[in-house]
Amino acid sequence: MTGWVEEKLHSGVRMRLKAERILYDSRTDLQRIVLFENPQFGRVMTLDDVVQTTERDEFIYHEMLTHVPILAHGGVRKVLIIGGGDGGMLEEALKHRTVERVTMVEIDRGVVDLSREYLPSICGEAFDDPRTDLVIADGVEYVGTCDRQFDLIIVDSTDPVGPAEVLFSDRFYRRCKACLTPGGILVTQNGVPFLQGPEIAGTLRLLRPIFADATCYLASVPTYMGGPMAFGWASDNAALRDTPQDMLEQRFAEARIDTRYYTPGVHRGAFALPGYVAELIG
Ligand code: SAM
């Protein structure tokens with residue numbers, strides 16, 4: 001079957017991607033999962049009709065939500081990923097040999113199983129890495145009962161509708177803070193400000209009373225339509241968002257990681273916010 005898959009994330013703007021081959025289209029008990037092949041983006045996964053990741057541009061999103069906080073911090077050993085079912089974030093974080101353990105809390109096992117089957121170019125062998133600790137649970141429940149601490153928490157969730165809505169709440173963010181080691185960093189997927197401005201604005205409004213420093217940084221991911229995507233950033237050490245270029249260069253060289261988007265210069269530039277975003281987040 002071929003045709004067009006239409007993204008229905010935004011009320012007034014729709015994006016259609018040609019589906020040359022539908023690989024999978026069904027529902028788990030939580031969401032509809034569609035996997036299909038597109039001539040420009042390779043294999044694409046949608047959840048409840050929203051593009052989640054594509055083979056062609058996933059590297060941008062996964063590199064920027066892992067290497068920016070890991071190289072800014074300089075001592076990340078334990079990582080918590082909330083969501084991330086496609087395994088791309090996990091695979092990218094594990095590239096750091098200094099990372100000892102990555103706990104990934106994904107609510108829908110179906111996303112993991114299908115990503116392992118249909119998106120091996122994204123997750124690679126990450127799920128089989130001995131440092132991987134996969135937990136199938138609701139992220140808000142996990143942090144609500146977790147007595148462990150992490151140097152970095154990455155919220156790689158769907159948008160704040162359906163199962164992910166709880167991951168944009170004060171309760172969740174306060175529990176994330178409790179699960180961070182001193183000097184730890186929280187980063188979040190926070191949508192495209194040009195079309196979803198209230199998302200990043202709302203997150204930062206909640207984070208500011210909890211963390212000494214909360215802002216966002218940007219990167220453009222082609223299939224997240226509408227311009228650059230915002231990544232929420234929160235820590236108790238404002239210097240972490242301004243790690244000097246030479247220190248980033250040194251850490252990046254020591255990490256010996258091949259990237260196609262991340263560089264220390266891109267890292268620092270990502271925090272330079274255009275006026276409309278700066279105004280949005282106050
Ligand atoms: N890159 C995508 C984006 O920017 O929207 C996110 C990709 S990843 C597939 C999103 C994952 O979040 C999905 O696998 C979904 O099942 C998971 N998720 C949604 N709500 C969750 C929750 N409350 N706890 C844990 N995982 C959740």
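These legends walk through a few close-ups of a predicted model. Local features need pLDDT of at least 70 and side-chain atom pairs count only at pLDDT 80 or more, while totals for chains, interfaces and linings use all residues. Residues are numbered from 1 along each chain as its sequence is written, and side-chain values use heavy atoms, with hydrogens and water left out.

**View A. An open sheet of 4 strands.** The order is S3-S4-S5-S6, with antiparallel pairing; strands (E, at least two residues) and helices (H or I, at least four) are DSSP runs numbered from the N terminus, and two strands pair if DSSP finds at least two bridges between them. At the edges sit S3 (21–27) and S6 (50–54), each pairing on one side only. From one strand to the next, the twist averages 20 degrees (axes are lines fitted to C-alpha atoms, for helices over the stretch in contact, with angles from 0 to 180 degrees between N-to-C directions).

**View B. Where S3 meets S4.** Here 6 bridges join S3 to S4 (residues 32–38), and the two run antiparallel. Look for Arg 27, which stands opposite Arg 32 in S4.

**View C. A helix across the strands.** H3 (residues 109–118) lies across S3, S4 and S5 (42–47), at about 20 degrees to S4; contact means heavy atoms within 4.5 Å.

**View D. The largest nonpolar core.** Such a core is a set of buried Ala, Val, Leu, Ile, Met, Phe, Trp, Tyr and Cys residues joined through side-chain atoms within 4.5 Å, where buried means under 20% relative accessible area with a 1.4 Å probe, protein chains only. Helix H1 (residues 58–73) gives the most, with 9 residues.

Methods. Buried < 20%, exposed > 50% of the residue type's maximum accessible area, 1.4 Å probe, protein only.
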